[in-house]
Structure formats: C-alpha cells, structure tokens
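Please look over the protein shown below. The briefing after it goes through the model topic by topic.

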Amino acid sequence: QEFSPRHGLPPAVPPVYFRMALEGGGAAGALPAAIAPEPVDDRVTCRGCGLLFGSRTQLHLHLRLVEYHGEESQGTRLPYKPSKRERRRRREEEIDVEHRLQTSRGLLGELQGSSSPPSKVPGPGIIRPGRRPKGWTAPGPAPRGPGDDPSLQPAAGEDLCFLSGDWRIFQLQDGHRYSVDDVMTAYYAAKVWQSRKPGAMETPARCLDLGCGIGSVLQMVAWRFPEATCVGVEAQELSVNLARRSIRYNGAEDRVRVVHGDIRDEARLENEGLFDLVTGTPPYFTVQAMDSISKKRQCGPCRYEFRGDAASYCEAAARRLTEDGLFVV
C-alpha cells in the first residue's frame with residue numbers, strides 16, 4: 001500500500017512517500033529491515049520565488065495561483081502557461097474594470113454638474129416612424145411640431161419617438177429611455193383619478209411629476225388631461241433639457257414645464273403651491289448594492305438611489321399634495 005502525508009504536514013517538514021508491506025497484521029515497528037519504510041524525497045523549488053514544494057504537482061498549482069514569475073525551475077522550462085481561454089478571461093476582466101472606472105468617473109462628473117463625453121461617436125439623429133393600423137387616427141391633442149426651430153430636430157445621438165397619440169419625446173440613443181414603468185404609472189394615475197373623482201372633477205387642475213427624467217410620465221399625464229397644468233422636477237441637467245425640448249415640440253409649454261432641482265430640496269417647489277395629482281417612478285436599488293453601472297448615460301440615477309429612495313418621493317409628495325390629492329408611485 002502506498003500513501004503520502006505531505007498535504008497534512010507543515011511546510012518545514014519534508015514530505016515523504018512511505019512504501020509499506022504489511023504482513024500478518026504485525027505493527028510497523030516490528031517489521032524486518034528488508035521491508036521497513038523506505039523514504040523517497042521528491043521536493044522541488046520554484047526558481048521564481050524560492051519556495052519549496054513537495055512535488056511538481058504542488059509547484060504547478062502554485063504557478064496557477066500567482067503571476068507567471070519565472071521562466072525555469074530545476075533547470076527546465078516551467079510546463080504551465082496560461083491557456084488561450086485563461087488569457088482571454090484575464091483580458092476581459094481588465095477591460096471590464098477599466099470600463100467601470102470610466103463609467104464611474106463619467107457618472108460622478110454628471111452628478112457634480114459637469115457633462116461626461118459619450119462612450120462612442122454618436123450616430124445621426126433619427127425620427128422614428130409610427131407603426132399604426134391602416135385608417136387609425138391618433139386621439140388626444142395634436143403636437144405643434146418643430147416649425148422653423150432647428151433645436152426641435154433630433155441632434156446627433158438623439159431620436160424623436162412617439163409617446164402618446166401624436167405627441168413625441170426626445171431621447172438619447174445611448175442614454176435613458178422611457179419604459180413600461182413610465183407607461184403604467186401614467187395609466188394608473190389617470191385610471192385611479194377618474195375612479196375616485198367622477199363628475200365635475202374628471203380633470204385634475206394641477207399635476208406634479210417627481211424625478212421626471214426626460215419627461216415621459218409628465219407629458220403622458222399632460223396629454224391625458226389637456227386642461228391640467230403640469231410641473232416636473234428633475235436633477236439631471238441633460239434630462240431637463242431633453243424634456244423641455246419635447247414639451248416645446250408638442251406645443252404644451254404654456255401649461256407644462258420642468259424645474260431643475262432635487263426633489264429632496266423643499267425650496268425648489270416652495271412657490272409652486274399644492275397639486276391635485278402627484279406621480280413618481282423612484283429608483284429601486286440602493287447604492288450599496290450596486291455591483292455595476294449601466295454603460296448608458298443617465299441610467300445610473302434612474303435605477304440606484306443616488307438622490308433618495310421611495311421614501312424620499314413619498315415625503316416630497318406629502319409636502320405638495322392637496323388635502324384630498326392623489327399620489328401614484
């Protein structure tokens with residue numbers, strides 16, 4: 001029987017192979033000299049760091065756990081080299097770390113008020129065509145359109161998409177874009193309002209959208225209630241500018257506007273009065289739980305609580321609601 005205790009010994013104790021022939025159930029100390037344990041020393045030293053290992057197998061495991069720091073061992077070239085898969089994995093990890101650093105710097109600059117350069121060269125502006133059934137006519141108020149204003153045409157890296165009816169919204173091709181969350185928030189705001197306020201109060205007089213972003217929920221509510229005065233609050237300057245251009249394109253600047261500021265700052269809405277309907281789509285994840293940041297601009301604060309959580313939205317809504325107002329979040 002052959003066994004090795006090397007894995008259970010301290011590094012200073014030389015590992016030894018024991019070759020034993022056990023006969024007749026006798027104890028090892030009573031065996032004759034002819035069949036006594038014969039020690040075999042197969043230790044090897046790493047030329048890169050000088051560590052002593054019990055075998056070449058242990059040396060190879062050591063080289064897999066550290067950087068390739070030696071060309072030779074015991075006079076021969078080390079047999080281990082990173083495989084193509086290993087080298088590709090390491091390169092992908094380096095690229096991922098570098099991308100996270102660049103994205104984090106850009107996000108930090110955006111949060112501090114400075115604009116970060118786009119991650120790639122933006123493409124030309126796009127006006128998205130509609131996909132509508134033949135003979136279908138869009139309900140709701142009609143947009144004014146761009147007219148002779150060149151700023152109401154999509155610039156490089158932007159597109160102009162349909163929002164509600166014929167109303168459109170400016171979005172970055174490589175940035176935050178409105179989603180099902182926004183559509184459902186605006187839908188339930190209108191549905192619950194009409195179920196709670198039938199009759200003469202079918203339209204709220206004043207509406208507020210907290211953290212309005214590019215103005216998707218704000219404008220969907222304004223489109224649904226064309227007699228309402230609507231105000232949005234947004235902290236990211238890039239999103240504020242896109243929302244204001246969309247409002248002008250849709251011809252609603254006389255009753256819809258966006259305030260640049262943080263929803264937690266009470267002074268930003270101090271002179272705005274109270275609102276009958278307040279909406280909000282807060283971020284879902286804490287910054288501490290953040291393991292990566294989206295490559296798309298604006299998306300970090302949309303998903304992570306850089307400027308407060310759902311409780312912050314509730315507190316801001318409570319300060320601005322009328323006595324019988326409605327908050328949809």
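**A loop residue to begin with**

Ala 156 sits in the loop between strand S7 (126-127) and S8; helices (H or I, at least four residues) and strands (E, at least two) are DSSP runs, numbered from the N terminus. With a relative accessibility of 52%, Ala 156 counts as exposed, where buried means under 20% relative accessible area, exposed over 50%, and partly exposed in between (1.4 Å probe, protein chains only). Ala 156 and Gln 173 are 17 residues apart in sequence, and their C-alpha atoms are 9.0 Å apart in space.

This is a predicted model, in which local features need pLDDT of at least 70 and side-chain atom pairs count only at pLDDT 80 or more, while totals for chains, interfaces and linings use all residues. Residues are numbered from 1 along each chain as its sequence is written, and side-chain values use heavy atoms, with hydrogens and water left out.

**Confidence**

- The protein has a mean pLDDT of 76, and 65% of its residues reach 70 or more; pLDDT is the predictor's confidence in each residue, from 0 to 100.
- Where pLDDT is low, the predicted coordinates should not be read in detail.

**Nonpolar cores**

- The largest nonpolar core has 35 residues; such a core is a set of buried Ala, Val, Leu, Ile, Met, Phe, Trp, Tyr and Cys residues joined through side-chain atoms within 4.5 Å.
- The residues with the most contacts inside this core are Leu 218, Val 221, Phe 225, Cys 230, Val 256, Val 258 and Leu 277.
- Elements that give two or more residues to the core include strand S8 (158-162), strand S9 (168-172), helix H3 (180-196), helix H5 (237-249) and strand S14 (321-328).
- H4 gives the most to this core, with six residues.
- Not counting residues up to four places away in sequence, Val 258 touches Cys 212, Leu 218, Gly 232, Glu 234, Val 240, Ala 243, Arg 244 and Ile 247.
- Another core, of 13 residues, lies apart from the largest one; among its members are Leu 210, Leu 269, Tyr 313 and Leu 321.

**Val 259**

- Val 259 belongs to strand S12 (residues 256-260) and counts as buried, at 8% relative accessibility.
- Leaving aside neighbours within four places in sequence, the contacts of Val 259 include Val 231, Val 233, Arg 268 and Glu 272.
- Gly 211 is 48 residues from Val 259 in sequence, with 9.9 Å between their C-alpha atoms.

**Salt bridges**

- The structure holds nine salt bridges, each a side-chain nitrogen of Lys or Arg within 4 Å of a carboxyl oxygen of Asp or Glu.
- Side chains of opposite charge can pair when their charged atoms come close.
- Asp 159 and Arg 177 form one of them (2.7 Å, N to O). The pair links distant parts of the chain, 18 residues apart: Asp 159 is in strand S8 and Arg 177 in the loop between S9 and H3.
- Asp 159 is buried, with a relative accessible area of 0%, and Arg 177 is partly exposed, at 26%.
- Glu 272 and Arg 257 form another (2.4 Å, N to O). Glu 272 lies in the loop between S12 and strand S13 (275-280) and Arg 257 in strand S12, so this bridge ties together parts 15 residues apart in sequence.
- Glu 272 is buried, with a relative accessible area of 15%, whereas Arg 257 is partly exposed, at 41%.

**Helix H7**

- Ser 312, Tyr 313, Ala 316, Ala 317 and Arg 320 of H7 are buried. These residues are on the same side of H7 because they cover an arc of only 135° around the axis, the arc being that of the directions from the helix axis to the C-beta atoms.
- Glu 315 and Ala 318 are exposed on the other side of H7.
- Strand S10 (206-210), S13 and S14 are among what covers the buried residues of H7.

Definitions and conventions:
Contact means heavy atoms within 4.5 Å.
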